[in-house]
Amino acid sequence: MSAINKEVGPPVIELGTMGWLRKNLFSNWYNSLLTVFGLYLLYILIPPLVNWILLDANFVGSTREDCTNEGACWIFIQQNIKLIFYGLYPTEELWRINLVYLILLISGVYLLVPNLKYKGWVGAFLLVIFPIICVIMLSGGLGLEAVETRLWGGLFLTLVIAGVGIVLSLPIGVMLALGRRSKLPVVSILCTIFIEIWRGVPLITVLFMASNMFPLFMPEGVNFDKLIRALIGVMFFSAAYLAEVVRGGLQAMPKGQYEASQAVGLTYWRMMALVILPQSLKMVIPAIIGSFIAIFKDTTLVLVIGLFDFLGIIQFVGTNPDWLGFSHEGYVFAAAVFWVFCYAMSWYSQRLEKKLDTGR
Amino acid sequence: MSELMIEMKNVHKWFGELHVLNDINLEINKGEKIVICGPSGSGKSTLIRCINRLEEHQRGNIIVEGTELTNDSRSIERIRGEVGMVFQQFNLFPHLSILDNCSLAPIWVRKLPKAEAKDKAMEYLKRVQIDDQAHKYPAQLSGGQQQRAAIARALCMEPRIMLFDEPTSALDPEMIKEVLDVMVGLAKGGMTMIVVTHEMGFAKEVADSIIFMDEGQIVEAKNPKDFFDNPESERTKTFLSQIL
């Protein structure tokens with residue numbers, strides 16, 4: 001018997017705008033209530049925010065007296081933009097930083113455009129030659145005037161710390177992960193101890209140690225640049241976290257992949273480089289990028305050892321008597337810039353996952 | 001004329017307390033086809049996995065083409081270069097195309113130039129009749145096609161011995177034949193083969209000798225006719241009555 005149940009009737013149509021609204025926002029009374037409440041929240045939050053950031057904001061002028069409207073005083077950011085982006089780096093040498101940015105931008109875009117030739121060479125250039133260019137251009141040498149790292153600051157310093165941390169911590173993390181899974185007990189134990197020590201300590205402690213304790217252990221007269229000490233600290237700290245992420249990926253690999261690689265005669269390192277790591281790193285891309293984003297945001301902690309990163313310098317210029325009382329603008333600007341960088345990494349990771357998907 | 005390819009002398013292996021290989025003695029000559037069968041857990045997979053050191057034997061000697069398997073990694077590498085293996089679960093590399101699966105080891109182990117390795121890979125893919133799938137990824141192929149690709153991958157290293165570990169057990173029934181056909185072709189071409197399988201039709205057609213294993217021991221080793229017509233041991237009879 002297939003009688004039509006007249007009381008229930010046919011399903012309500014789910015096509016078109018109305019159908020979508022009914023299905024997703026008003027499917028029952030509490031969803032309707034939540035929808036209305038959500039709309040109300042947006043109504044009380046968005047217009048004042050838009051007014052403050054855009055409509056009532058001050059964009060033109062050079063001193064705080066020009067900020068006559070009620071909204072945000074973006075003149076504060078404009079007037080301090082050099083400090084915020086470059087720290088105390090000498091103004092006449094700023095072209096050096098900008099040139100480095102430009103090289104990075106061009107090669108980065110080149111790598112992102114699909115189907116171009118010589119991508120391998122551009123990648124190799126970025127990994128091998130570009131760091132050398134960076135060191136010479138940024139700190140001086142080869143006829144360029146030396147710029148001490150204590151003058152480095154702002155967004156530039158944030159990018160240096162995060163960039164070095166991200167680029168160096170991944171290979172170190174991979175080696176630590178392989179080491180921890182090694183069949184040689186000495187290697188495995190050493191890697192485990194190393195990882196667990198770094199993971200067991202807060203980054204802020206690592207930075208303090210690098211900045212204050214480390215010099216005490218060095219012989220008199222030996223002076224390690226403070227920035228380099230901080231970089232090493234950040235690098236090992238995030239390498240330890242990445243090691244565990246990568247180890248998770250290695251453990252998810254089916255045993256058959258190891259056996260098939262061995263059966264065709266691949267040695268350990270080739271098996272890892274050609275078969276195991278490409279697959280296991282792909283599996284943990286979201287977690288790796290998560291770690292990278294964490295490093296990027298954690299760079300703000302270098303303030304405690306007297307390095308003025310992007311956020312640190314914004315707080316610093318806010319204490320300038322000429323610009324007291326504009327910390328809201330500073331924090332909103334900082335948040336926006338951090339969001340742009342972190343979202344870019346997130347977007348790239350999604351793109352990468354799609355590109356590498358071979359349907360397994 | 002017969003040239004000794006594989007020699008196992010008094011081989012023992014334990015997994016903890018479990019005695020998985022118990023005094024295995026075996027000699028396999030060039031061009032011989034050996035089929036190994038037996039109940040699950042009888043040690044047949046372990047036996048062939050010892051030949052290319054996916055498992056370590058703990059006592060006795062295994063000599064492959066004059067090279068004794070020891071802990072010396074060079075002996076292991078040399079033997080793995082001569083011995084190809086096909087697995088029950090195919091174990092293709094899912095991140096590489098079929099063509100790259102086949103040319104990977106020739107490029108990195110045999111050091112062939114890329115173009116030459118790919119040509120050779122295409123040649124073997126043609127032989128197993130999936131050259132039209134060369135640029136697809138493993139996940140896009142059927143089980144039978146994947147297993148044929150796995151056979152081609154092993155052949156690309158030009159091994160002198162091929163090991164098959166239940167190559168058709170994970171396949172849908174209608175795909176078993178296409179894989180067995182490839183294996184029969186290989187056997188007729190003179191390859192030395194050790195095949196762990198329950199495909200008794202295949203065993204009858206190509207095997208020079210059939211080995212029945214139980215509880216880590218070789219219970220019976222005979223040519224196919226005697227094996228099926230006059231099995232000696234009770235265990236062999238029981239096993240045959242169950243699978244035939």
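1. A word on naming before we start: helices (H or I, at least four residues) and strands (E, at least two) are DSSP runs, numbered from the N terminus. What you have here is a predicted model, in which local features need pLDDT of at least 70 and side-chain atom pairs count only at pLDDT 80 or more, while totals for chains, interfaces and linings use all residues. Residues are numbered from 1 along each chain as its sequence is written, chains are lettered from A, and hydrogens and water are left out of the side-chain values.

2. Take a look at Glu65(B), in the loop between strand 4 (59–64) and strand 5 (67–68) of chain B. Its phi is near 50 degrees, which is a positive value in a residue other than glycine. Glu65(B) is partly exposed at 24% relative accessible area (buried is under 20%, exposed over 50%, partly exposed in between, with a 1.4 Å probe and protein chains only).

3. Phe90(B) also has a positive phi, near 65 degrees, and is not a glycine. You'll find Phe90(B) in the loop between strand 6 and helix 3 (98–108) of chain B. With 10% relative accessibility, Phe90(B) counts as buried.

4. Strand 6 (residues 83–86) of chain B gives the most, with three residues.
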